[in-house]
Amino acid sequence: MSVQEYLEKHLLSRKIEEAVNAAVRAKAPDPVLSISNHMRRAAPAVITSVRARQILDGRGETAVEVSLHTNKAVHRASAASADAPEGTASEAARDAEKRKLLARAVADAVRVINDKVSEALVGMDPQQQSQIDQAIMDLDKAHHKAEIGVNAMLAVSIAACKAGAAEKEVPLYKHIAELVGKSATTLPVPVITVINGGTHAGNSLPIQEIMILPVGAKNFEEAMQMGSETYHHLKDIILEKYGSNSCNIGDDGGFAPNISSISEGLDLVIEAINRAGYNGRIKLAIDVAATDFCIGKKYDLEFKFAEKSGQGFKTADDLIEIYSQLCSEYPLVSIEQPFDKDDWEHSKKFTTLELCQVVGDDLLMSDPERIKRAVNEYTCNALVLKANQVGTVTEAMEVVRQAKDAHWGVMVSHRSGDTDDSFIADLAVGAAAGQIKAGAPCRGECLSKYNQLLRIEEELGSDGVYAGENWRTAASTS
(Lines give C-alpha, C1' and ligand atoms only; values in the text may rest on other atoms or scores of the structure.)
Protein backbone atom coordinates (compact mmCIF):
# COMPACT_ATOMS: atom_id res chain seq x y z
CA MET A 1 0.00 0.00 0.00
CA SER A 2 1.39 3.38 -1.01
CA VAL A 3 1.56 6.36 1.33
CA GLN A 4 -1.24 8.07 -0.59
CA GLU A 5 -3.44 4.99 -0.41
CA TYR A 6 -2.79 4.72 3.33
CA LEU A 7 -3.72 8.38 3.86
CA GLU A 8 -6.91 7.98 1.86
CA LYS A 9 -7.93 4.72 3.55
CA HIS A 10 -7.76 6.26 7.02
CA LEU A 11 -8.96 9.75 5.98
CA LEU A 12 -5.87 11.17 7.62
CA SER A 13 -5.64 14.31 5.54
CA ARG A 14 -9.17 15.37 6.46
CA LYS A 15 -8.70 14.50 10.15
CA ILE A 16 -5.42 16.41 10.40
CA GLU A 17 -7.00 19.40 8.67
CA GLU A 18 -9.90 19.36 11.15
CA ALA A 19 -7.45 19.24 14.07
CA VAL A 20 -5.45 22.18 12.70
CA ASN A 21 -8.61 24.24 12.11
CA ALA A 22 -9.78 23.50 15.67
CA ALA A 23 -6.46 24.72 17.07
CA VAL A 24 -6.67 27.91 15.00
CA ARG A 25 -10.26 28.63 16.01
CA ALA A 26 -9.39 28.13 19.65
CA LYS A 27 -6.24 30.26 19.29
CA ALA A 28 -4.48 27.52 21.23
CA PRO A 29 -1.29 28.76 22.94
CA ASP A 30 0.33 25.40 22.14
CA PRO A 31 -1.02 24.35 18.71
CA VAL A 32 0.95 21.08 18.63
CA LEU A 33 -0.56 19.99 21.96
CA SER A 34 -4.01 21.10 20.82
CA ILE A 35 -3.75 19.15 17.58
CA SER A 36 -2.46 16.11 19.45
CA ASN A 37 -5.36 16.21 21.91
CA HIS A 38 -7.88 16.68 19.11
CA MET A 39 -6.54 13.68 17.24
CA ARG A 40 -6.54 11.61 20.41
CA ARG A 41 -10.19 12.42 21.05
CA ALA A 42 -11.07 11.60 17.46
CA ALA A 43 -10.18 7.96 18.01
CA PRO A 44 -12.77 6.17 20.20
CA ALA A 45 -11.41 4.36 23.22
CA VAL A 46 -11.62 0.58 23.25
CA ILE A 47 -10.47 -1.92 25.85
CA THR A 48 -7.32 -3.66 24.67
CA SER A 49 -6.56 -5.88 27.68
CA VAL A 50 -7.27 -6.44 31.36
CA ARG A 51 -4.46 -7.50 33.67
CA ALA A 52 -4.84 -8.49 37.32
CA ARG A 53 -2.41 -9.00 40.15
CA GLN A 54 -2.40 -9.82 43.83
CA ILE A 55 -1.85 -6.90 46.24
CA LEU A 56 -2.22 -6.42 49.99
CA ASP A 57 -5.10 -4.57 51.61
CA GLY A 58 -5.17 -2.53 54.84
CA ARG A 59 -4.99 -5.66 56.98
CA GLY A 60 -2.16 -7.17 55.00
CA GLU A 61 -4.59 -9.67 53.47
CA THR A 62 -4.44 -10.56 49.79
CA ALA A 63 -6.69 -8.58 47.43
CA VAL A 64 -7.16 -8.15 43.69
CA GLU A 65 -5.92 -5.17 41.71
CA VAL A 66 -6.80 -4.68 38.05
CA SER A 67 -5.18 -2.62 35.31
CA LEU A 68 -7.61 -2.07 32.46
CA HIS A 69 -5.81 -1.01 29.29
CA THR A 70 -7.43 0.97 26.50
CA ASN A 71 -5.82 2.24 23.34
CA LYS A 72 -5.39 5.56 25.15
CA ALA A 73 -4.50 4.90 28.80
CA VAL A 74 -4.34 2.48 31.72
CA HIS A 75 -6.91 2.61 34.54
CA ARG A 76 -6.31 0.86 37.84
CA ALA A 77 -8.76 -0.33 40.50
CA SER A 78 -8.81 -2.68 43.47
CA ALA A 79 -11.43 -4.15 45.74
CA ALA A 80 -11.28 -5.30 49.35
CA SER A 81 -11.70 -8.96 50.19
CA ALA A 82 -15.14 -9.65 51.63
CA ASP A 83 -14.04 -12.84 53.36
CA ALA A 84 -11.05 -11.57 55.36
CA PRO A 85 -10.77 -13.25 58.78
CA GLU A 86 -12.31 -11.34 61.67
CA GLY A 87 -11.97 -13.81 64.52
CA THR A 88 -10.54 -13.50 68.00
CA ALA A 89 -7.21 -14.84 69.21
CA SER A 90 -8.86 -18.10 70.27
CA GLU A 91 -9.82 -18.69 66.64
CA ALA A 92 -6.29 -18.26 65.28
CA ALA A 93 -6.11 -21.72 63.73
CA ARG A 94 -9.37 -21.26 61.89
CA ASP A 95 -8.34 -17.79 60.72
CA ALA A 96 -5.00 -19.11 59.45
CA GLU A 97 -6.88 -21.59 57.28
CA LYS A 98 -9.22 -18.83 56.08
CA ARG A 99 -6.22 -16.75 55.05
CA LYS A 100 -4.85 -19.63 53.00
CA LEU A 101 -8.23 -20.11 51.33
CA LEU A 102 -8.46 -16.37 50.66
CA ALA A 103 -4.98 -16.27 49.10
CA ARG A 104 -5.89 -19.21 46.84
CA ALA A 105 -9.15 -17.52 45.86
CA VAL A 106 -7.31 -14.32 44.94
CA ALA A 107 -4.75 -16.27 42.89
CA ASP A 108 -7.59 -18.05 41.06
CA ALA A 109 -9.35 -14.73 40.43
CA VAL A 110 -6.17 -13.22 38.97
CA ARG A 111 -5.89 -16.13 36.53
CA VAL A 112 -9.55 -15.85 35.50
CA ILE A 113 -9.29 -12.10 34.92
CA ASN A 114 -6.08 -12.38 32.90
CA ASP A 115 -7.59 -15.08 30.71
CA LYS A 116 -11.39 -15.18 30.47
CA VAL A 117 -12.37 -11.67 31.55
CA SER A 118 -9.74 -9.92 29.47
CA GLU A 119 -10.72 -11.87 26.39
CA ALA A 120 -14.42 -11.07 26.90
CA LEU A 121 -13.88 -7.32 27.25
CA VAL A 122 -11.34 -6.66 24.50
CA GLY A 123 -12.77 -4.28 21.91
CA MET A 124 -15.56 -2.94 24.15
CA ASP A 125 -16.27 0.76 24.63
CA PRO A 126 -15.43 1.68 28.27
CA GLN A 127 -18.31 4.16 28.30
CA GLN A 128 -20.81 1.30 28.07
CA GLN A 129 -20.74 0.37 31.74
CA SER A 130 -23.84 -1.81 31.79
CA GLN A 131 -22.70 -3.81 28.75
CA ILE A 132 -19.27 -4.36 30.28
CA ASP A 133 -20.77 -5.46 33.58
CA GLN A 134 -23.15 -7.81 31.80
CA ALA A 135 -20.25 -9.34 29.89
CA ILE A 136 -18.46 -9.96 33.20
CA MET A 137 -21.57 -11.51 34.75
CA ASP A 138 -22.16 -13.71 31.68
CA LEU A 139 -18.86 -15.44 32.41
CA ASP A 140 -20.33 -16.72 35.67
CA LYS A 141 -22.27 -19.66 34.26
CA ALA A 142 -23.72 -20.68 37.63
CA HIS A 143 -24.90 -17.11 38.34
CA HIS A 144 -23.68 -17.14 41.95
CA LYS A 145 -20.46 -15.17 41.25
CA ALA A 146 -18.23 -17.81 42.79
CA GLU A 147 -16.46 -18.64 39.53
CA ILE A 148 -14.86 -15.20 39.28
CA GLY A 149 -15.53 -13.79 42.75
CA VAL A 150 -17.39 -10.59 43.58
CA ASN A 151 -14.20 -8.76 44.56
CA ALA A 152 -12.52 -9.57 41.27
CA MET A 153 -15.67 -8.65 39.32
CA LEU A 154 -15.89 -5.35 41.17
CA ALA A 155 -12.24 -4.44 40.55
CA VAL A 156 -12.69 -4.93 36.80
CA SER A 157 -16.00 -3.03 36.83
CA ILE A 158 -14.52 -0.07 38.72
CA ALA A 159 -11.52 0.08 36.38
CA ALA A 160 -13.93 0.18 33.43
CA CYS A 161 -15.92 2.94 35.13
CA LYS A 162 -12.76 5.00 35.52
CA ALA A 163 -11.91 4.42 31.86
CA GLY A 164 -15.41 5.52 30.85
CA ALA A 165 -15.06 8.76 32.78
CA ALA A 166 -11.68 9.40 31.19
CA GLU A 167 -13.09 8.89 27.69
CA LYS A 168 -15.87 11.38 28.44
CA GLU A 169 -13.25 13.73 29.90
CA VAL A 170 -15.35 14.22 33.03
CA PRO A 171 -14.57 13.52 36.69
CA LEU A 172 -15.47 10.03 37.89
CA TYR A 173 -18.27 11.27 40.17
CA LYS A 174 -19.94 13.09 37.25
CA HIS A 175 -19.71 9.98 35.09
CA ILE A 176 -21.36 8.00 37.91
CA ALA A 177 -24.07 10.65 38.30
CA GLU A 178 -24.86 10.31 34.59
CA LEU A 179 -25.00 6.52 34.90
CA VAL A 180 -27.35 6.82 37.87
CA GLY A 181 -29.44 9.42 36.06
CA LYS A 182 -28.73 12.29 38.43
CA SER A 183 -28.03 15.86 37.38
CA ALA A 184 -27.02 17.03 40.87
CA THR A 185 -24.24 15.79 43.09
CA THR A 186 -24.07 15.87 46.88
CA LEU A 187 -21.12 15.74 49.26
CA PRO A 188 -21.97 13.08 51.85
CA VAL A 189 -21.81 13.41 55.62
CA PRO A 190 -18.83 11.33 56.81
CA VAL A 191 -19.79 8.64 59.31
CA ILE A 192 -16.44 8.64 61.10
CA THR A 193 -15.29 5.75 63.27
CA VAL A 194 -13.80 6.91 66.57
CA ILE A 195 -14.01 3.79 68.78
CA ASN A 196 -13.63 0.18 67.65
CA GLY A 197 -14.84 -2.95 69.42
CA GLY A 198 -16.42 -6.26 68.50
CA THR A 199 -14.32 -8.45 66.22
CA HIS A 200 -12.42 -5.36 65.03
CA ALA A 201 -10.57 -4.72 68.29
CA GLY A 202 -9.11 -6.62 71.25
CA ASN A 203 -11.01 -4.78 73.97
CA SER A 204 -14.15 -5.79 75.89
CA LEU A 205 -16.61 -3.70 73.91
CA PRO A 206 -19.08 -6.06 72.19
CA ILE A 207 -20.26 -3.71 69.44
CA GLN A 208 -18.08 -3.08 66.42
CA GLU A 209 -17.98 0.71 66.08
CA ILE A 210 -18.95 3.99 67.65
CA MET A 211 -19.09 6.72 65.04
CA ILE A 212 -19.72 10.46 64.72
CA LEU A 213 -21.63 12.42 62.07
CA PRO A 214 -20.66 16.12 61.74
CA VAL A 215 -24.10 17.10 60.39
CA GLY A 216 -23.71 20.69 61.63
CA ALA A 217 -20.73 21.48 59.40
CA LYS A 218 -21.16 24.01 56.62
CA ASN A 219 -19.25 21.87 54.12
CA PHE A 220 -17.34 18.59 53.84
CA GLU A 221 -13.98 20.21 54.62
CA GLU A 222 -15.31 21.55 57.90
CA ALA A 223 -16.95 18.19 58.62
CA MET A 224 -13.58 16.42 58.37
CA GLN A 225 -11.96 19.13 60.49
CA MET A 226 -14.61 18.63 63.15
CA GLY A 227 -14.20 14.89 62.96
CA SER A 228 -10.42 15.01 63.15
CA GLU A 229 -10.40 17.41 66.11
CA THR A 230 -12.91 15.27 68.00
CA TYR A 231 -10.87 12.15 67.24
CA HIS A 232 -7.72 13.69 68.71
CA HIS A 233 -9.52 15.07 71.76
CA LEU A 234 -10.84 11.55 72.29
CA LYS A 235 -7.28 10.25 72.25
CA ASP A 236 -6.30 12.73 74.97
CA ILE A 237 -9.28 11.71 77.10
CA ILE A 238 -8.49 8.01 76.73
CA LEU A 239 -4.86 8.69 77.70
CA GLU A 240 -6.01 10.52 80.82
CA LYS A 241 -8.52 7.89 81.92
CA TYR A 242 -7.03 4.59 80.80
CA GLY A 243 -3.35 5.17 80.08
CA SER A 244 -1.25 4.95 76.93
CA ASN A 245 -1.90 1.23 76.41
CA SER A 246 -5.54 2.05 75.64
CA CYS A 247 -4.73 4.25 72.64
CA ASN A 248 -4.17 1.35 70.27
CA ILE A 249 -6.45 1.39 67.24
CA GLY A 250 -8.77 -1.21 65.75
CA ASP A 251 -9.26 -2.43 62.20
CA ASP A 252 -11.12 0.72 61.15
CA GLY A 253 -8.74 3.15 62.84
CA GLY A 254 -10.94 3.79 65.88
CA PHE A 255 -9.42 3.76 69.35
CA ALA A 256 -9.83 0.56 71.33
CA PRO A 257 -9.85 1.44 75.05
CA ASN A 258 -10.66 -1.45 77.36
CA ILE A 259 -14.27 -0.53 77.93
CA SER A 260 -17.12 -3.00 78.12
CA SER A 261 -20.32 -1.01 77.80
CA ILE A 262 -21.76 1.01 74.94
CA SER A 263 -22.71 3.88 77.24
CA GLU A 264 -19.15 4.13 78.55
CA GLY A 265 -17.92 4.53 74.98
CA LEU A 266 -20.59 7.07 74.09
CA ASP A 267 -19.75 9.09 77.21
CA LEU A 268 -16.12 9.28 76.09
CA VAL A 269 -17.14 10.49 72.65
CA ILE A 270 -19.56 13.09 74.05
CA GLU A 271 -16.77 14.43 76.25
CA ALA A 272 -14.48 14.67 73.21
CA ILE A 273 -17.15 16.50 71.21
CA ASN A 274 -17.63 18.98 74.06
CA ARG A 275 -13.88 19.57 74.39
CA ALA A 276 -13.69 20.25 70.67
CA GLY A 277 -16.52 22.77 71.01
CA TYR A 278 -18.95 20.99 68.70
CA ASN A 279 -21.75 20.14 71.11
CA GLY A 280 -25.02 19.94 69.16
CA ARG A 281 -23.28 19.92 65.77
CA ILE A 282 -22.14 16.29 65.85
CA LYS A 283 -24.46 13.29 66.10
CA LEU A 284 -23.60 9.72 67.14
CA ALA A 285 -24.00 6.34 65.45
CA ILE A 286 -23.13 2.76 66.35
CA ASP A 287 -22.49 -0.38 64.32
CA VAL A 288 -23.57 -3.23 66.57
CA ALA A 289 -22.70 -6.07 64.15
CA ALA A 290 -24.97 -8.22 66.30
CA THR A 291 -24.62 -11.26 64.05
CA ASP A 292 -21.13 -11.71 65.50
CA PHE A 293 -22.45 -12.44 68.99
CA CYS A 294 -25.82 -14.04 68.27
CA ILE A 295 -26.09 -17.59 69.60
CA GLY A 296 -29.36 -19.20 68.67
CA LYS A 297 -31.92 -16.53 69.44
CA LYS A 298 -29.94 -14.79 72.18
CA TYR A 299 -27.04 -12.35 72.19
CA ASP A 300 -23.85 -12.92 74.18
CA LEU A 301 -22.44 -9.51 75.12
CA GLU A 302 -19.43 -11.23 76.72
CA PHE A 303 -18.63 -13.27 73.61
CA LYS A 304 -15.04 -12.04 73.37
CA PHE A 305 -13.92 -13.61 76.62
CA ALA A 306 -14.21 -17.33 77.30
CA GLU A 307 -14.23 -16.90 81.10
CA LYS A 308 -17.28 -14.61 80.90
CA SER A 309 -19.02 -15.90 77.80
CA GLY A 310 -22.53 -17.05 78.55
CA GLN A 311 -22.95 -14.79 81.57
CA GLY A 312 -24.33 -11.79 79.68
CA PHE A 313 -26.96 -13.28 77.40
CA LYS A 314 -29.63 -10.86 76.22
CA THR A 315 -32.80 -11.52 74.30
CA ALA A 316 -33.65 -9.46 71.23
CA ASP A 317 -36.28 -7.67 73.29
CA ASP A 318 -33.59 -6.84 75.87
CA LEU A 319 -31.54 -5.27 73.08
CA ILE A 320 -34.53 -3.20 71.96
CA GLU A 321 -34.76 -1.81 75.49
CA ILE A 322 -31.02 -1.06 75.51
CA TYR A 323 -31.14 0.71 72.13
CA SER A 324 -34.26 2.68 73.09
CA GLN A 325 -32.58 3.88 76.27
CA LEU A 326 -29.43 4.89 74.40
CA CYS A 327 -31.48 6.86 71.86
CA SER A 328 -33.19 8.74 74.68
CA GLU A 329 -29.95 9.57 76.52
CA TYR A 330 -27.58 10.38 73.64
CA PRO A 331 -27.79 12.15 70.26
CA LEU A 332 -27.75 8.68 68.68
CA VAL A 333 -29.23 8.93 65.19
CA SER A 334 -28.17 5.70 63.49
CA ILE A 335 -27.80 2.05 64.55
CA GLU A 336 -26.36 -0.46 62.10
CA GLN A 337 -27.17 -4.16 62.24
CA PRO A 338 -28.83 -4.14 65.69
CA PHE A 339 -29.84 -7.82 65.47
CA ASP A 340 -28.80 -11.05 63.79
CA LYS A 341 -28.80 -11.19 59.99
CA ASP A 342 -31.87 -13.45 60.02
CA ASP A 343 -33.77 -11.75 62.84
CA TRP A 344 -36.28 -9.94 60.63
CA GLU A 345 -38.92 -9.89 63.36
CA HIS A 346 -37.05 -7.80 65.92
CA SER A 347 -35.41 -5.57 63.33
CA LYS A 348 -38.91 -4.67 62.15
CA LYS A 349 -40.11 -4.22 65.74
CA PHE A 350 -37.29 -1.79 66.48
CA THR A 351 -37.54 0.08 63.16
CA THR A 352 -41.24 0.78 63.67
CA LEU A 353 -40.40 2.63 66.89
CA GLU A 354 -38.92 5.37 64.64
CA LEU A 355 -36.21 6.19 67.17
CA CYS A 356 -33.32 6.44 64.71
CA GLN A 357 -32.03 5.32 61.36
CA VAL A 358 -31.86 1.50 61.35
CA VAL A 359 -29.22 0.36 58.86
CA GLY A 360 -29.30 -3.11 57.35
CA ASP A 361 -25.89 -4.68 56.82
CA ASP A 362 -25.85 -8.48 57.24
CA LEU A 363 -29.63 -8.32 57.08
CA LEU A 364 -29.48 -7.00 53.50
CA MET A 365 -26.03 -7.97 52.17
CA SER A 366 -26.67 -5.35 49.43
CA ASP A 367 -28.85 -8.05 47.85
CA PRO A 368 -31.82 -6.81 45.74
CA GLU A 369 -34.16 -9.57 46.93
CA ARG A 370 -33.39 -9.01 50.60
CA ILE A 371 -33.75 -5.25 50.12
CA LYS A 372 -37.12 -5.79 48.45
CA ARG A 373 -38.30 -7.88 51.39
CA ALA A 374 -37.01 -5.33 53.91
CA VAL A 375 -38.81 -2.52 52.09
CA ASN A 376 -42.09 -4.45 51.98
CA GLU A 377 -41.88 -5.47 55.64
CA TYR A 378 -40.27 -2.21 56.89
CA THR A 379 -37.51 -4.23 58.51
CA CYS A 380 -35.04 -1.32 58.39
CA ASN A 381 -34.93 2.13 56.83
CA ALA A 382 -31.41 2.49 55.47
CA LEU A 383 -28.98 0.60 53.26
CA VAL A 384 -25.28 0.24 53.91
CA LEU A 385 -23.88 -0.26 50.43
CA LYS A 386 -20.74 -2.41 50.32
CA ALA A 387 -20.02 -2.60 46.63
CA ASN A 388 -17.99 -5.80 46.90
CA GLN A 389 -21.08 -7.60 48.20
CA VAL A 390 -22.76 -6.79 44.89
CA GLY A 391 -20.18 -7.50 42.21
CA THR A 392 -20.39 -4.71 39.62
CA VAL A 393 -20.89 -0.96 39.46
CA THR A 394 -24.16 -1.39 37.56
CA GLU A 395 -25.59 -3.67 40.24
CA ALA A 396 -24.44 -1.29 42.98
CA MET A 397 -26.29 1.57 41.33
CA GLU A 398 -29.41 -0.58 41.04
CA VAL A 399 -29.56 -1.27 44.78
CA VAL A 400 -29.02 2.44 45.46
CA ARG A 401 -32.05 3.14 43.27
CA GLN A 402 -34.03 0.56 45.24
CA ALA A 403 -33.18 2.26 48.51
CA LYS A 404 -33.89 5.74 47.17
CA ASP A 405 -37.25 4.68 45.76
CA ALA A 406 -38.16 3.47 49.25
CA HIS A 407 -37.05 6.85 50.72
CA TRP A 408 -34.39 5.07 52.75
CA GLY A 409 -31.10 6.49 53.89
CA VAL A 410 -28.09 5.31 51.86
CA MET A 411 -24.69 4.84 53.50
CA VAL A 412 -21.92 4.01 51.04
CA SER A 413 -19.37 1.98 52.98
CA HIS A 414 -15.79 0.82 52.83
CA ARG A 415 -14.77 -2.62 54.07
CA SER A 416 -12.68 -3.10 57.16
CA GLY A 417 -9.10 -3.48 55.98
CA ASP A 418 -10.00 -1.93 52.62
CA THR A 419 -7.55 -1.16 49.83
CA ASP A 420 -6.45 2.40 49.11
CA ASP A 421 -8.78 2.69 46.09
CA SER A 422 -10.93 5.80 46.57
CA PHE A 423 -13.76 4.79 44.22
CA ILE A 424 -16.48 4.81 46.90
CA ALA A 425 -15.86 8.54 47.46
CA ASP A 426 -16.86 9.28 43.86
CA LEU A 427 -19.70 6.77 44.12
CA ALA A 428 -21.13 8.49 47.22
CA VAL A 429 -21.05 11.88 45.46
CA GLY A 430 -22.30 10.68 42.08
CA ALA A 431 -25.13 8.66 43.60
CA ALA A 432 -25.97 11.51 46.03
CA ALA A 433 -25.98 9.00 48.87
CA GLY A 434 -25.84 11.52 51.70
CA GLN A 435 -23.67 9.32 53.93
CA ILE A 436 -20.26 7.66 53.61
CA LYS A 437 -18.65 5.33 56.10
CA ALA A 438 -14.91 5.08 55.51
CA GLY A 439 -13.44 4.49 58.97
CA ALA A 440 -11.46 6.83 61.20
CA PRO A 441 -9.37 9.89 60.22
CA CYS A 442 -6.47 7.45 60.49
CA ARG A 443 -4.99 4.62 58.33
CA GLY A 444 -4.19 5.21 54.68
CA GLU A 445 -7.02 3.11 53.25
CA CYS A 446 -9.53 5.25 55.17
CA LEU A 447 -7.93 8.60 54.40
CA SER A 448 -7.78 7.89 50.66
CA LYS A 449 -11.59 8.15 50.56
CA TYR A 450 -11.88 11.24 52.75
CA ASN A 451 -9.07 13.03 50.92
CA GLN A 452 -10.69 12.30 47.56
CA LEU A 453 -13.92 13.87 48.84
CA LEU A 454 -11.97 16.98 49.83
CA ARG A 455 -10.63 17.19 46.27
CA ILE A 456 -14.08 16.71 44.81
CA GLU A 457 -15.53 19.48 46.98
CA GLU A 458 -12.76 21.84 45.91
CA GLU A 459 -13.39 21.00 42.27
CA LEU A 460 -17.16 21.51 42.57
CA GLY A 461 -16.72 24.88 44.23
CA SER A 462 -20.03 26.67 44.71
CA ASP A 463 -21.83 23.78 42.99
CA GLY A 464 -20.81 21.45 45.80
CA VAL A 465 -23.69 20.88 48.22
CA TYR A 466 -22.92 19.25 51.57
CA ALA A 467 -25.72 16.95 52.77
CA GLY A 468 -25.40 18.18 56.38
CA GLU A 469 -28.73 18.06 58.20
CA ASN A 470 -30.24 16.39 55.13
CA TRP A 471 -27.94 13.38 55.51
CA ARG A 472 -30.87 10.95 55.43
CA THR A 473 -33.02 12.59 52.77
CA ALA A 474 -30.24 13.54 50.33
CA ALA A 475 -30.53 10.13 48.72
CA SER A 476 -34.16 10.62 47.75
CA THR A 477 -34.32 14.38 47.13
CA SER A 478 -31.22 15.13 45.04
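A polar contact is a pair of N or O atoms within 3.5 Å; within protein, one must be able to donate a hydrogen and the other to accept it, and residues adjacent in sequence count only if both atoms are side-chain atoms. Keep that in mind for the first stop.

You're looking at a predicted model, where local features need pLDDT of at least 70, side-chain atom pairs count only at pLDDT 80 or more, and totals for chains, interfaces and linings use all residues. Residues are numbered from 1 along each chain as its sequence is written, and side-chain values use heavy atoms, with hydrogens and water left out.

**Stop 1: Asn-219**

Select Asn-219, in the loop between E6 and H8. (Helices, H or I with at least four residues, and strands, E with at least two, are DSSP runs numbered from the N terminus.) A polar atom of the Asn-219 side chain lies 3.3 Å from the backbone nitrogen of Glu-221.

Which residues does Asn-219 touch once you leave aside its neighbours within four places in sequence? They are Glu-457 and Tyr-466, where contact means heavy atoms within 4.5 Å. Now pick the C-alpha atoms of Asn-219 and Glu-457: they are separated by 8.4 Å, though the two residues are 238 apart along the chain.

**Stop 2: the barrel**

Next, colour the strands E5-E6-E7-E11-E12-E13-E14-E15, which run in that order around a closed barrel of eight with mixed pairing. Two strands pair if DSSP finds at least two bridges between them. Neighbouring strands here are turned by 25 degrees against each other on average, direction ignored. For angles, axes are lines fitted to C-alpha atoms, for helices over the stretch in contact, and the values run from 0 to 180 degrees between N-to-C directions.

Show E5 (residues 189–196) with E15 (residues 434–439): this pair is parallel, over three bridges. Ile-192 stands opposite Gly-439 in E15.

**Stop 3: strand E6**

Zoom in on E6. Is it mostly covered or uncovered? Covered: five of its five residues are buried.

E6 pairs with E5 in the antiparallel sense over four bridges, and Thr-193 stands opposite Met-211. E6 is also joined to E7 (residues 283–287) by five antiparallel bridges; there, look for Ile-210 opposite Ile-286.

**Stop 4: helix H7**

Select residues 172–180, helix H7, whose buried residues are Leu-172, Tyr-173, His-175, Ile-176, Ala-177 and Val-180. What covers them? Show H6 (150–168), H13 (393–405), H14 (423–430) and H15 (444–460), which are included in that cover. Just after H7, Gly-181 takes a positive phi of about 95 degrees.

**Stop 5: the open sheet**

Finally, find the open sheet of three strands, ordered E1-E2-E3 with antiparallel pairing. E1 (47–56) and E3 (74–79) are the edge strands, each with a single partner, so one side of each is left without a neighbour in the sheet. The twist averages 20 degrees from one strand to the next.

Nine antiparallel bridges join E1 to E2 (residues 62–70), and the partner of Ile-55 in E2 is Ala-63. Bring H6 back: this helix packs on the sheet, touching E1, E2 and E3, and its direction makes about 145 degrees with that of E3.

Notes: Buried means under 20% relative accessible area, exposed over 50%, partly exposed in between (1.4 Å probe, protein chains only).
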